[in-house]
Amino acid sequence: MADKHYNFFESVTKSFDKAAKFTNWETGILEQIKECNSVFRMKFPIKRDDGSVEVIEAYRAQHSHHKTPCKGGIRFSEAVDQDEVMALAALMTYKCAIVNVPFGGAKGGIKINPREYSAFELQKITRRYTSELVKKDFIGPGTDVPAPDYGTGEREMAWILDTYTAMHPGEVDAMGCVTGKPVAQGGVRGRKEATGLGVFYGIREVCNMPDIMEKLGLPTGVEGKRIIVQGLGNVGYHTAKFFREHGAKVIAIAEFEGAIYNDDGLNEEEVFQYRKVNKSLLGFPGSTSLEKSGDALEMECDILIPAALENVINADNADKVRAKIIGEAANGPLTPEADDILSKRGILVIPDMYLNAGGVTVSYFEWLKNLSHVRYGRMEKRFTENLNKHILGQMEELTGKTVNTREKTLIEHGPDEVDLVYSGLEQTMIEATREIMACWKANDKIPDMRTAAYVVAIDKVGTSYAELGIFP
Ligand code: NAD
């Protein structure tokens, strides 16, 4: 069976329509939730290092304004087009709704292969893109707040911040115009690893549900689970790291150039360093190399985690997938056909639009930090430590026993910023997982977890629209 050609926005719409049947919203409201409100397409020139002039194509889509600001990453990729940013912006709307982050969805993209440009050229492109956004009021702490995505990171966010602030002198909340910034420039501790950590928390919560695990024929818990990760970028690297640190085994890692396999488990940091030096992960000591990167998707494992790009599991290979669970760390890694095939085969797909919401959740924490102009934990850390010390001292005095040093350090510890960010994220992902599962269990006609996630999202966005009373 071949994939029917859907563009990406159409596939999101298809999933939306499948779920909308399980809600009670009238057609007009459903239409409004589904449509992409605004798209800004731009072209601008930059001078390359060799003196030639190149015209760059870029986009920013704002899918929904039911809550503002809009929020969504910026990707640098040759595959960027209007359809892609619209689809990704729509996913952002649903994602934010599911994890109770009060933003509308947006997404930006610049159609370039960042590997073909020098850092100086990338800086010029990013700064010019930002000033185009400023000109059209498509960026700002109260209007639209970009973040990193495929091909971008802290460095690009720092350029965006600097360009925006230079154009808005004296704007007290300017720091909140972009998230995913370096900590020294208003970023929040824990943002870099947030998406991968959220993927881990989400999958762990599913693995802790005995009824779901029983159906899949797996033991509960993440310990000992055999994991395959596609894409050793920001999201894939951190997902692999947290699974390994919690007792799972990352048995294969796939990248552009191929994949590597080791049944005893791979250490993502060692693989990352090896790839940095050798420009390829193939030949990593102790592993078996697979020349065809896609083969890793068809290997036997408990949990397969695509963390690269769209449509990597499709009608051609969905029949060959031998994982019990697919955790969609990337956005849109499955085509609608693959979704149907996997659902019929009883493979549990944990859907992208909530599973990879860790980034936007912690971006929300970063934005709040920027608006409040104070680091998390600054006010309460010392107070909590003094109080805990006092309580512990009293307990020791009353019982005549002493607590060992390790426990004492743990109990007395007042929260640092990263502790609060991790715990806020953990709670968010656990709540979202439970809410989606509860929705799925409450209606046995809902075919899969993705549809249940959409139902939760549609209900939340629908409620916001209804509360806004914009439909007289
Ligand atoms: P990244 O650029 O840091 O990493 C992506 C990695 O995938 C790169 O190492 C690349 O070489 C690899 N890759 C590309 N094509 C591949 C292929 N065919 N096979 C194997 N590897 C391949 O990007 P990222 O930020 O980690 O984003 C990855 C995915 O996660 C994207 O779909 C993105 O939209 C999604 N996502 C990212 C964030 C975030 O906070 N960065 C948040 C939510 C969702």
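Modeller: Start with the elements: helices (H or I, at least four residues) and strands (E, at least two) are DSSP runs, numbered from the N terminus. On a 1 Å grid over the protein atoms alone, a cavity is a set of points where a 1.4 Å probe fits but cannot get out; a pocket is an open set with protein on both sides within 12 Å along at least five of seven lines; lining residues have an atom within 4 Å of a point. This is a predicted model, where local features need pLDDT of at least 70, side-chain atom pairs count only at pLDDT 80 or more, and totals for chains, interfaces and linings use all residues. Residues are numbered from 1 along each chain as its sequence is written, and side-chain values use heavy atoms, with hydrogens and water left out.

Biologist: Which element gives the largest share of the lining of the second largest cavity?

Modeller: Helix α1 does, with four residues. Two or more residues each come from α1, α10 and α16.

Biologist: What classes of residue line the second largest cavity?

Modeller: Classes first: Ala, Val, Leu, Ile, Met, Phe, Trp, Tyr, Cys and Pro count as nonpolar, Asp, Glu, Lys and Arg as charged, and the others, Gly among them, as polar. The second largest cavity has one nonpolar, three polar and six charged residues in its lining. For the largest cavity, the lining has six nonpolar, five polar and four charged. Helix α1 gives the most there too, with four residues.

Biologist: How do I read two packed helices?

Modeller: Two packed helices are described by the angle between their axes and the distance between the axes. Axes are lines fitted to C-alpha atoms, for helices over the stretch in contact, and angles run from 0 to 180 degrees between N-to-C directions. Take α1 (residues 8–20) and α3 (residues 82–98): their axes come within 7 Å and cross at roughly 30 degrees. The two are therefore roughly parallel. Angles under 35 degrees count as roughly parallel, over 145 as roughly antiparallel, 65 to 115 as roughly perpendicular and the rest as oblique.

Biologist: At what angle do the axes of α15 and α16 cross?

Modeller: At roughly 105 degrees, coming within 8 Å. So α15 and α16 are roughly perpendicular to each other. Contact means heavy atoms within 4.5 Å. In α15, Glu435, Ile436, Met437, Cys439 and Trp440 meet Met449, Ala452, Ala453, Val455, Val456 and Lys460 in α16. That contact has nine nonpolar, no polar and two charged residues.

Biologist: What is the volume of the second largest pocket?

Modeller: About 390 Å³. Of its 19 lining residues, Lys215, Leu348, Trp440, Pro447 and Asp448 are the closest to its centre. Helix α7 supplies the largest share, four residues.

Methods: Points joined across faces, edges and corners; volume = space filled by probe spheres on them.
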